[in-house]
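Good morning, and thank you for coming.

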Amino acid sequence: MLRVVVLVSGGGTNLQAIIDSVESGKIHDTKIVGVVSNNKNAYALERAKKHGIDQACVSPKDFETREVFNKELLKTVRAFSPDLIVLAGFLVVIPPEMIREYKNRMINIHPSLIPAFCGKGYYGLKVHEAALSRGVKIVGATVHFVDEGTDTGPIILQKAVEVEEDDTKESLQLRVMQQAEWKILPEAIDLFARGLIKVEDGKTVIQK
């Protein structure tokens, strides 16, 4: 049984997609053992509660320094004994020690086709705003392993989404969620759960 901890900052729509996929059996042999947020008002915590999933809040605002927060975040995650950590809209920089400890066992969903519109400053609606202002015709989402860089880890899955003429950043965000994020994030977790993903020479290899 794969033990998954999900880290999230906001509403938790990707978390819901994971919960639904676990409960329906689309994600095999997996249990979400904990949901951790940096925001005590995150609706994601409510979603976890509704499904009987343990939840915790660790906010940088509650600690004197970022170093103390980092230690508490790592301690909280460790307490769940996860096999896989999923960042599902977690808007906090992950401590380097945590990245090292969970190397190739921590994945992130990003709302663009990496390497486009990624890296520092590209998150949430900012990604879609940048895509529209550049006039791109195809956007999408990427699931990747987390490394020390920002959105630079080995790519696991990507899915493209077409931009429509009358798109706003909000409408584009919703379509990317519905057509890409909510599909490939559960799929990536299932591949991991079934032992079908490995990293070789900095690239992800998916065994079929």
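Let us start with F69, which is buried, since its relative accessibility is 0%. Please bear in mind throughout that this is a predicted model.

F69 has an aromatic partner, F63. The ring centres of F63 and F69 are 6.2 Å apart, and the planes make an angle of 55°. Planes count as edge-to-face only over 60 degrees and as stacked under 30, so the pair of F63 and F69 is classed as tilted. In contrast to the buried F69, F63 is partly exposed, at a relative accessible area of 23%.

How many aromatic pairs does the count give? It comes to 2. The other one I will describe joins F117 and Y122, with 6.2 Å between the centres and 70° between the planes. Because an angle over 60 degrees counts as edge-to-face, that is the class of F117 and Y122.

Is F117 buried or exposed? F117 has a relative accessible area of 18%, and therefore counts as buried, the limit being under 20%. Y122, at 31%, is partly exposed.

Now to the surroundings of F117. This residue sits in the loop that links strand 5, residues 106-110, to helix 5. Leaving aside residues up to four places away in sequence, F117 touches H110, S112, Y122, V127, A130, A131, R134 and V136. A further relation concerns D151: 34 residues separate F117 from D151 in sequence, while their C-alpha atoms are 9.8 Å apart in space.

Which residues of helix 5 and helix 6 meet? From helix 5 they are L125, H128, E129 and L132, and from helix 6 they are K169, E170, L172, Q173 and V176. Sorted by class, this contact contains 4 nonpolar, 2 polar and 3 charged residues.

Thank you for your attention.

Technical notes:
Residues numbered from 1 in each chain as written. Predicted model: local features only at pLDDT ≥ 70, side-chain atom pairs only at ≥ 80, totals over all residues. Heavy atoms only, no water. Contact = heavy atoms within 4.5 Å. Helix = DSSP H or I, 4+ residues; strand = E, 2+ residues; numbered from the N terminus. Nonpolar A, V, L, I, M, F, W, Y, C, P; charged D, E, K, R; others polar. Phe/Tyr/Trp six-rings, centres within 6.5 Å; stacked < 30°, edge-to-face > 60°. Buried < 20%, exposed > 50% of the residue type's maximum accessible area, 1.4 Å probe, protein only.
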